[in-house]
Amino acid sequence: MNIPYTSTARLDTGLYNAKLGIWLFLASEVMLFGALFSTYVLLRVNAPTWPHGYELLNVPLATLNTIVLISSSVTMVMSWASLMMKKFGKFKLYMGLTILLAFVFLVVKYFEYTAKFEHHLFPSTNTFLAIYFTITALHGLHILGGIVVNTYLWGPGSKMWQNDPQRFTNRVEVAGLYWHFVDLVWIFLFPVLYLL
Amino acid sequence: MADGHISHKQVEGIGVGVQTHVHHEEHHHELSFLRQYVFSTDHKVIGIQYGITSLLFLLFGFTLMMIMRWQLAYPGEAIPLIGQWLGPDRAPDGIMLPEFYNQLGAMHGTIMVFLGVVPLAVGAFGNYVMPLQIGAVDMAFPKLNMMSYWVYFTGGVTMLVSFFLPGGAANSGWTSYAPLSVIATVGQTVWLIGMVFLITSSLLGSVNFIVTIVQLRTNGLTFMRLPFFVWAQFVTSFLLLLAFPPLEAAGVLQLMDRIAGTSFFMPSGLVVSGVPLTNAGGGSPLLWQHLFWFLAHPEVYVLILPAMGIVAEIIANNTRKPIWGYKSIVFAAVFLGFMSFVVWAHHMFMTGMGTVISTFFQTTTMIISIPSIIILTAFFLSLWGGSIRFTTPMLFALAFLPMFGIGGLTGLPLGLSAPDIHLHDTYYVIGHFHYVVAPGTLMALFAGIYYWYPKVTGRKMSDVLGRLHFWGSFIFLNGVFMPMFIQGLAGVSRRLYDGGAQYAHAQSVLQWNEVMSVSAWCLGLAQIPFIINFFWSAKKGEKVADNHWEATTLDMAATTSPPLAHGNFARVPEVHRGPYEYSVPGATTDFIPQHVRTESNVERGEHR
Amino acid sequence: METAHAEDITKSVRKYIVVFVALMGLTIVTVAISYLHLNVGAAILFALAVATVKASLVASYFMHLISERKIVYWTLALTVVFFLLLMLLPISADQDSTRLG
């Protein structure tokens, strides 16, 4: 028994299954982060005073992280493009870079968190820090999930390239869509939390 | 890989790694049994797993209510039979403590909605029937499907375990309104974790359902040829997909409030039992209500749409007529799904919302009643002039119509902000939504069980026991819920530990408590014929033909009973017509299955 | 996608580089603006405008939304509508109540 459209696209929809699946999943992610943004706005509008992000948070570090994450998005899309050009070696390189950059992001985040704790700034301190820690932690979990998936595709999962290259390319594309979405969320988080 | 695919080869590789050298063959056998019945990726097995688990949860949730009804009818008296087993921190000397009453209330709601009705309507019926109806060999992502069941199962077990924590299970109502829920006992934390599991399971399931319906429809099965049941599952999946994440976010925020000491839902200056709280404050309790109802109102339609889908199939089949106004009900269902996102704050008229926004939500609420009425009217009109077969599933499906009608119409006064001032949080509300979900949806789900049972087992359920079950359930469901309207109109509040005994305004309607309680227990007895029927018929029921009901849809007409274990169909059928071609003028039989190719197809020049 | 040729991909790669440079530039712009300490309204407007442009670039080119299938557009359009509802309504409801209360 074979499930149709796992590697080729269905004619009338023009999509293979996993691509539609990931877009639906991302739609639900939009609603998840949307609810958190909505929370942020509501809390801020109601608050008598609201700190500027740059008064409490480290803008240079966050700028560095923005650059790291955007770069990882580029390496991710390049790893997919390499597969499209049938260059498996380049895929390995770019995917490896993507994973590395993701780790860099988390390490920077770790230093940011510990610096906050050292200054006795905790989620319970005020609602700004509460929403800051909650959203960035949730975003960090998404990064971690992306690392797991990408590492699988870089390591054991890449064997599929030998016997079903089309399906493997699809998998990398789908993982890429997820990864770009995580980048996209950060693009909004950065100004909203740090700069405003 | 985000969709969790692992190739077949690799899974077997993992399996080999698990085996020990000594009992090589035995282990291999065990493994395949596990893969076949426990960790199966076959949508039919998963559907049955969902079905049995959710029926058990329904029974458990109902049992909680039967215990509560004792306290409501005879407040302060020892609970007979089981009272002594509940333990001193729940019911000392068999007399229920208020804290335990609150736990029962909160968990009854949670279990019935999230662990009972939705998994049965979507997880069980959707999983089993939908792929068959669209001519698919399985769901689009079988491993994700399996994961979805086991995540649901884990969530269910988490909820059950919470009863044994210090302070017991969650006790802040199924709505878990903040700030009460934030300062509640540890059971609430476990409730939130359980909810995160259940939400994750629903998300996985809904992605799978939508992709399956869009991608795996067989040749010739256009969207306007889909059985209404599939449409209902389609819209339902979108509701789950887009409405659940805000609750997941809200759950995470409440977890943060409880564990990390944040103040998302905690206002400044809160004093509990004379002690000021140490929270930083600055949060908004209403934010929880917004996020909760942003899910929970679409959730109402998650509960009702699959039921409507089941009823449509059974009514068309048993009136031997096409369903009246197929296109109207499809568009009505889509519109219903869309509107269900824009009505949530009608649950919040009494929170001090301004008139502008109240008027907005009141208007949308009146609008959303229109598609429901279109669907119900179409079903009633379908009966007109049909040669109705009063089979057991048809009896349940027919009962759904007036019951859902009562549930829907009693909602109108609640949707208008002025009468809601009087009725808010009274037993009237309880009566209203139970009429929608219990005599409404549950009747339809029972109808579905009787209707698809021959397909799943190859045997029919006993009609005698079925009728006993039907009349018992029908009478006593009304016995439980009709008096709630009377009490509610008199102003009796919900969630009262003594059923209103201490209030002067409740005295004239207090006698109804006993009527409702006795009805509830009789309703419990009325389920015994069903339970016997369910197990007995699987072994001893009358063997029936593959298309026992002489239906037109692929699930009934194009498969054996039960369908083939892997791949469902001997040959994947192609579709040549709409879903309900019953009593076509000039045809030799009174039904033409969707996959049958006739002269008219050839004349119309269809190539497929 | 399988119909795409090697030259198309080479063209796309060039596009990715351009987008990458644009994203870096916009990041610097948005940080620079924040150091001007504009009033809150203008700051929010600028920051969100830049973020929206950046997000659109990522979605259009890295996620290939610029040439995607209809069914994906429909799904996203639906999501955007509900996202806006989720953003706007709780806030408007809250504002309405505080104004009167």
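1. A polar contact is a pair of N or O atoms within 3.5 Å, where, within protein, one atom must be able to donate a hydrogen and the other to accept it, and where residues adjacent in sequence count only if both atoms are side-chain atoms. The residues of chain C that touch chain B divide into 10 nonpolar, 4 polar and 2 charged, where Ala, Val, Leu, Ile, Met, Phe, Trp, Tyr, Cys and Pro count as nonpolar, Asp, Glu, Lys and Arg as charged, and the others, Gly among them, as polar.

2. On the basis of this note: the model is predicted, so that local features need pLDDT of at least 70 and side-chain atom pairs count only at pLDDT 80 or more, while totals for chains, interfaces and linings use all residues. Residues are numbered from 1 along each chain as its sequence is written, chains are lettered from A and ligands numbered from 1 in the order in which they are written, and side-chain values use heavy atoms, with hydrogens and water left out.

3. To continue with chains C and B, the contact (heavy atoms within 4.5 Å) takes 16 residues from chain C and 19 residues from chain B. The area buried between the two chains, meaning the accessible area (1.4 Å probe) that two parts lose on being put together, summed over both, is about 1,500 Å², and carbon and sulfur atoms give 84% of it. Phe82(C), Leu86(C) and Leu89(C) supply 33% of the area that chain C buries against chain B, more than any other three residues. The count of salt bridges between these chains (a side-chain nitrogen of Lys or Arg within 4 Å of a carboxyl oxygen of Asp or Glu) is 0.

4. Between chain C and chain A, 45 residues of chain C are in contact with 53 residues of chain A, and the two chains bury about 4,300 Å² between them, with 81% of it on carbon and sulfur atoms. There is 1 salt bridge across this interface: Glu68(C) pairs with Lys19(A), and their closest N and O atoms are 3.2 Å apart. The count of residue pairs in polar contact, both at pLDDT 80 or more, is 4.

5. As to which elements of chain C face chain A, the helices α1 (6–35), α2 (40–62) and α3 (70–100) each supply at least two residues of that side, helices (H or I, at least four residues) being DSSP runs numbered from the N terminus. The largest share, 13 residues, comes from α3(C). By class, the side of chain C that touches chain A has 31 nonpolar, 9 polar and 5 charged residues.

6. Within chain C, the domain assignment, whose bounds come from an automatic or database source, gives domain 1 (1–68) and domain 2 (69–101). Here 4 residues of domain 1 are in contact with 5 residues of domain 2, and the area buried between these domains is about 360 Å², of which carbon and sulfur atoms give 52%.

7. Over all chains the structure holds 72 aromatic pairs, for which rings of Phe, Tyr and Trp (its six-membered ring) must have centres within 6.5 Å, planes under 30 degrees apart counting as stacked, over 60 as edge-to-face and the rest as tilted. One of them joins Trp231(B) and Phe234(B), edge-to-face, at 5.9 Å centre to centre and 80° between the planes.
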